[in-house]
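Q: Please walk me through the aromatic pairs and helix contacts of this model.

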Amino acid sequence: MIKKHADINVTKYSFIAAFGGFVFGLDAANISGAIRYVSSQFSLSSLQVGTVVGVAILGVILALLFTGALCDRYGRRKVLIVISLTYSLSTLLSATAINYPMLVVGRFIGGVAFASITVSAMYIGEIAPSDRRGKFVSVSQLLITLGSLLAFLANYILVLTIDSMAWINEENVWRFMLGFEFIPNIIWFVLLLKIPESPRWLVMKGRLEESHQVFSKVAPSDHIEQLVSAVRKSIDDDTRYSPLEQLQILFSRPMKMMVLIALAYAFVQGASGMNAVLFYAPTVFEQLGMSVQDTFMQTVILGVVSVIFTVVAISFVEKWGRRVLTIIGLALIVSAHFSTWYGFKSAYYTMNENAVVKIAEQNIDTSKLNELIGNVYNSDVSLKKDLAAVFSKKELPLVSGPIINATINIQAIYVLFGIFTFLAAFNMSIGPVMWVLFSEIFPNKIRSVALPFAAFVQSVSSYLIQQFFPWQLENLGAATTFLSYGLIALLGLIVMIFILPETKGKSIEQIELSLKLA
């Protein structure tokens, strides 16, 4: 009975801490739908579009410079509470932005709040038992996918209501897309008030009585003394290290294998293309020649696939282990990206009279296309270059999709297979498993610096993807862009086969010892 009560508490506290992932998923997915209309309203270039999306990761990078020290000083719970309020501020600024700079500032502040993913993983890794820690940390990825699914669904509904309701049109629909996450932000803030502080942090601070009280809620009573003793031993009898000292320990020789694993995993997870698909989902489907409504509908299906395979990861992360899921996932990701590359590489675009008639049916001024009639384009790059020469920056985001739809000849099955297989593989493997590993491989005495460091590497690689994806589509084309993601995933697969250990079922202290001996 006592064990069941402890299990319920661990589940509840882990879910609440991980709810920041739900808010993150909302934010990532709603900008993917809004960016088309934002780009038109503010007449943005491809690099400015990348900045609106990518600036959030710059906020993450800034936050990570301070997150470890703040968590170490004030505790995981208080930092999560402040982050929840930061999300709310970001939402209000972004949804009411009157110009491009204001929107960028709002998105940047939201990026600061994205540090919730790291802090949540830290909190859950310190409160959950070792035999179920992987499942509980993976809950964060599940909530990210659920948040994304809700945002995709809301975006789709909003697109369907454009012009059918007097108060929603192409000029303001993006404000509703960005603003509706304010309610989940407040819900998370209220829920965070109900969780206790991390017991490991309390031990680190010498607050042993409080740590006993928290451990009594999440572990059987006969295990509490053993848990406290293990934590005290792992932090060298409560010796405190400054952030600089923790960094020195992190990059010392005994920690080299931990650092190598973290660097490799973080880079591959961030640079293998997930943020291109997640943050630009309608744009990606637009390259297939789908209508606006169809692209948003596909994002809903994409969200469902992500949720299903995140559940798969949670179900098997303790059974199969972190290593097996990672290797299987990366192998599938490589195959998926190569399939997407082949689909886009074989596509061509024909601008003829039939295409122009079809484009005109979308209420687009086709007089600007007269000089392009008869052209056959072997790549999306050359087509977009000609379109950019005849349409303004305000017009181009709204007309590109219908024009591609009318002119494209493509074996879409290869691209659809690639995109959906990639989403499935990512969400059953390196998406959730990375945070499980990061919550496990670093010893307690340096975790408040090590986790933000690993997340920093992941954030930098993710930023490069988000910032330059629109530029890549415009200048390199969809085929070359996805080929580059596939090559990065292939490199990651080779590296992980040789260096990634198995950590399932081991305590944080046991993992620390085994990696030092590696």
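**Rings and helix contacts**

Q: Is tryptophan 174 buried or exposed?
A: Buried means under 20% relative accessible area, exposed over 50%, partly exposed in between (1.4 Å probe, protein chains only). Tryptophan 174 has a relative accessible area of 0%, so it is buried. This is a predicted model: local features need pLDDT of at least 70, side-chain atom pairs count only at pLDDT 80 or more, and totals for chains, interfaces and linings use all residues. Residues are numbered from 1 along each chain as its sequence is written, and side-chain values use heavy atoms, with hydrogens and water left out.

Q: How many aromatic pairs does a search of the whole structure find?
A: Rings of Phe, Tyr and Trp (its six-membered ring) pair if their centres lie within 6.5 Å; planes under 30 degrees apart count as stacked, over 60 as edge-to-face and the rest as tilted. The search finds 13 aromatic pairs. In one of them, phenylalanine 42 and tryptophan 174 have ring centres 5.8 Å apart and planes at 70°, so the pair is edge-to-face.

Q: Where do phenylalanine 42 and tryptophan 174 lie?
A: Helices (H or I, at least four residues) and strands (E, at least two) are DSSP runs, numbered from the N terminus. Phenylalanine 42 is in the loop between α1 (2–41) and α2 (46–74). Tryptophan 174 is in helix α7 (residues 173–179). Phenylalanine 42 counts as buried, at 17% relative accessibility.

Q: How do the axes of α13 and α24 cross?
A: Axes are lines fitted to C-alpha atoms, for helices over the stretch in contact, and angles run from 0 to 180 degrees between N-to-C directions. Angles under 35 degrees count as roughly parallel, over 145 as roughly antiparallel, 65 to 115 as roughly perpendicular and the rest as oblique. Here the axes of helix α13 (residues 256–271) and α24 come within 9 Å and cross at roughly 155°. The two helices are therefore roughly antiparallel to each other.
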